[in-house]
Amino acid sequence: MIADQLKKLKDELPESVTLVAVSKTKPLAMLEEAYAAGQRDFGENRIPEMVEKSAALPDDIHWHMIGHVQTNKVKHMAPFVHLIHAVDSHRLLEEINKQAARNERVIDILIQLRIAQEETKYGLLEKDLMLLAEQAKTEFPHVRVRGLMGMATYTQNTIQLRNEFRRLKKAWNRLANGLYGGSKDFDILSMGMSGDYYIAIDEGSTMVRIGSAIFGARD
Ligand SMILES: *Cc1c(COP(=O)(O)O)cnc(C)c1O
């Protein structure tokens, strides 16, 4: 039961940690069940799917785009997206800023840092983080950087997971005490999924993205 899983998680998570229920690939009925149990933050990784689901569900849901974003699709989510988790390029920032302006709003984003050992195209290398963070802060009035996001390696090795989350938290601290020092808005560290959230929370996560532990395994 989805409601039972949600309750179990809520009991386990510190109150300061936001639970994003990752509902990608899952049918509306399952999201409705989670909504009825009080869940309001949902995460999707494809823009068309998120647009479709948002149109069918109540307006007080916070929609999180947690996956890689194609620049040409930003316009479809710009009117309603709550937080874009995986921003990793100047080009994407530019497009989010443009579409946010068109919708007369400011869109909250997280910068994705690459922390996993696995081969992936997504996420910034640490050496490139400061430059993009500076650009985001100075060039784009319709974008607000709320923090960082990262995905750890898919592994059972808890020492490795801990080290990866620690690196992300360190990078977060540097920004929170440096470029974003004094800003109350830089307050989100999105890390932790079904298999590793308990370690992520130990290492300072403020937002976990949990799918299969709530809705069951995906095909
Ligand atoms: C799918 C996904 C999750 C959730 O994964 P689970 O292992 O099902 O909890 C979290 N974050 C991102 C970026 C994802 O794509």
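This is a predicted model: local features need pLDDT of at least 70, side-chain atom pairs count only at pLDDT 80 or more; totals for chains, interfaces and linings use all residues.
1. Basis. Local features need pLDDT of at least 70 and side-chain atom pairs count only at pLDDT 80 or more, while totals for chains, interfaces and linings use all residues. Residues are numbered from 1 along each chain as its sequence is written, and side-chain values use heavy atoms, with hydrogens and water left out.

2. Strand E6. Strands (E, at least two residues) and helices (H or I, at least four) are DSSP runs, numbered from the N terminus.

3. Pairing. E6 runs parallel to strand E5 (residues 107-112), joined by 6 bridges; strands pair if DSSP finds at least two bridges between them. E6 also pairs in the parallel sense with strand E7 (residues 188-190), over 3 bridges. Met149 is the bridge partner of Gln112 and stands opposite Ser190 in E7.

4. Crossovers. E5, helix H6 (residues 126-139) and E6 form a right-handed β-α-β unit, and E6, H7 and E7 form a right-handed β-α-β unit. Right-handed means that, with the strands pointing away from the viewer, the path from the first strand over the helix to the second runs clockwise.

5. Largest pocket. The lining consists of 35 residues, with Met151, Ala152, Tyr154, Met193 and Asp196 nearest the centre. Helix H7 (158-177) and strand E8 (207-210) are the elements that give two or more residues to this lining. A pocket is an open set of points on a 1 Å grid where a 1.4 Å probe fits, with protein on both sides within 12 Å along at least five of seven lines; lining residues have an atom within 4 Å of a point.
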